[in-house]
Amino acid sequence: MNATKKDVQSRLIRPQIDLDSADWWDGLRVGQIRLPSCHECDQIWFPPSPGCPYCGSTNWSTVLCSGAGHLYSWVVVCRSLDEEYAEDVPYVIGAVQLDEGPKVFARIIEIDPETLQPDTQ
């Protein structure tokens, strides 16, 4: 079964949202990727955290990322470890290298897992 975005989102486990990740989740809710960007070393990182993992600064703000990038790595899940997701197998979890730098992990939907290639845009 190829799940659509709406199908998948209706069954996802809701995250625990904290002060550091609230802007990330708010952005996803409206189709945006918002990540922290350090004012000291200009690095953008994921996952959101209270300080820059590169230089330790707490002087940062959120930037809007383009969402463009390439598939760095992926795994096709063929066996569900939870009955809630049994009808979804096989499904793909991928590491996507964003053009802005960080790698994010995401469920890859609306694409045949057999067609995935390294560096897929």
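**Aromatic cluster and ring contacts**

Trp24, Trp25 and Phe46 are joined into a cluster by ring pairs, where rings of Phe, Tyr and Trp (its six-membered ring) pair if their centres lie within 6.5 Å; planes under 30 degrees apart count as stacked, over 60 as edge-to-face and the rest as tilted. This is a predicted model, in which local features need pLDDT of at least 70, side-chain atom pairs count only at pLDDT 80 or more, and totals for chains, interfaces and linings use all residues. Residues are numbered from 1 along each chain as its sequence is written, and side-chain values use heavy atoms, with hydrogens and water left out.

User: Is tryptophan 24 buried or exposed?

Analyst: Buried means under 20% relative accessible area, exposed over 50%, and partly exposed in between (1.4 Å probe, protein chains only). Because its relative accessibility is 9%, tryptophan 24 is classed as buried.

User: Which geometry does the aromatic pair of tryptophan 24 and phenylalanine 46 adopt?

Analyst: The ring centres of tryptophan 24 and phenylalanine 46 are 4.8 Å apart. With 50 degrees between the planes, the pair is tilted.

User: How far from the ring centre of tyrosine 72 is the charged end of lysine 103?

Analyst: A charge sits over a ring if NZ of Lys or CZ of Arg is within 6 Å of the ring centre and within 35 degrees of the ring normal. Arginine 107 lies over the face of tyrosine 91 at 4.2 Å. For lysine 103 over tyrosine 72, the value is 4.1 Å.
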